[in-house]
Amino acid sequence: KTVALTLVVLPLFAVPIYFLGQGVADSFDDDSTNGVLALGLMLGVAAPALLSVFLARVWGELRWIATLALGVGSGLVSLVVLFVAFVAFCSATMCIG
């Protein structure tokens, strides 16, 4: 139950958390260099990973190594979810090339 929650459900929140982070970063980043703070990407990957470590530690009776492995796995799955969402968006809107 904990493994399914941390590796399937929590990474699906990566995209909305990414947009939330990008909105916050865009509101603070108004310089003329058009540099973008990577807060959206950091939150989109780190939030599901940290939340899965927290939930696995509170609800699951796992050892620390297994808990950290679930957190790293959740972060990697979140990164894949963000990459697939980016590819799907860019292939639909032709933002590359």
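In what order do the elements of the protein run from the N terminus on, and at what angle do helix 2 and helix 4 pack?

Analyst: This is a predicted model, in which local features need pLDDT of at least 70 and side-chain atom pairs count only at pLDDT 80 or more, while totals for chains, interfaces and linings use all residues. Residues are numbered from 1 along each chain as its sequence is written, and side-chain values use heavy atoms, without hydrogens or water.

From the N terminus on, the elements run α-α-α-α, and the secondary structure comes to 4 helices and 0 strands (DSSP runs, H or I of at least four residues for helices and E of at least two for strands). Of the 97 residues, 27% count as buried (under 20% relative accessible area, with exposed over 50% and partly exposed in between, for a 1.4 Å probe).

Helix 2, which spans residues 14-28, packs with helix 4, residues 64-93, at an angle of about 75 degrees, and their axes lie 9 Å apart (lines fitted to C-alpha atoms over the stretch in contact, with angles from 0 to 180 degrees between N-to-C directions). Helix 2 is therefore roughly perpendicular to helix 4, a term for angles of 65 to 115 degrees. Ala14, Val15 and Tyr18 of helix 2 meet Ser78, Val81, Leu82 and Ala85 of helix 4 in this contact (heavy atoms within 4.5 Å), and the residues involved divide into 6 nonpolar, 1 polar and no charged.

The largest pocket is lined by Val15, Tyr18, Phe19, Leu41, Leu79, Leu82, Phe83, Ala85, Phe86 and Phe89 (a pocket being an open set of points on a 1 Å grid where a 1.4 Å probe fits, with protein on both sides within 12 Å along at least five of seven lines, and lining residues having an atom within 4 Å of a point). Helix 2 and helix 4 each supply at least two residues of this lining, with the largest share, 6 residues, coming from helix 4. By class, the lining has 10 nonpolar, no polar and no charged residues, and the volume of the largest pocket is about 300 Å³.

Leu39 has its place in helix 3, residues 39-58, and counts as partly exposed because its relative accessibility is 22%. Beyond its neighbours within four places in sequence, Leu39 is in contact with Gly21, Gln22, Val24 and Ala25. The C-alpha atoms of Leu39 and Ala25 are separated by 6.1 Å, although the two residues are 14 residues apart along the chain.

Definitions and conventions. Angles under 35 degrees count as roughly parallel, over 145 as roughly antiparallel, 65 to 115 as roughly perpendicular and the rest as oblique. Ala, Val, Leu, Ile, Met, Phe, Trp, Tyr, Cys and Pro count as nonpolar, Asp, Glu, Lys and Arg as charged, and the others, Gly among them, as polar. Grid points are joined across faces, edges and corners, and a volume is the space filled by probe spheres set on the points.
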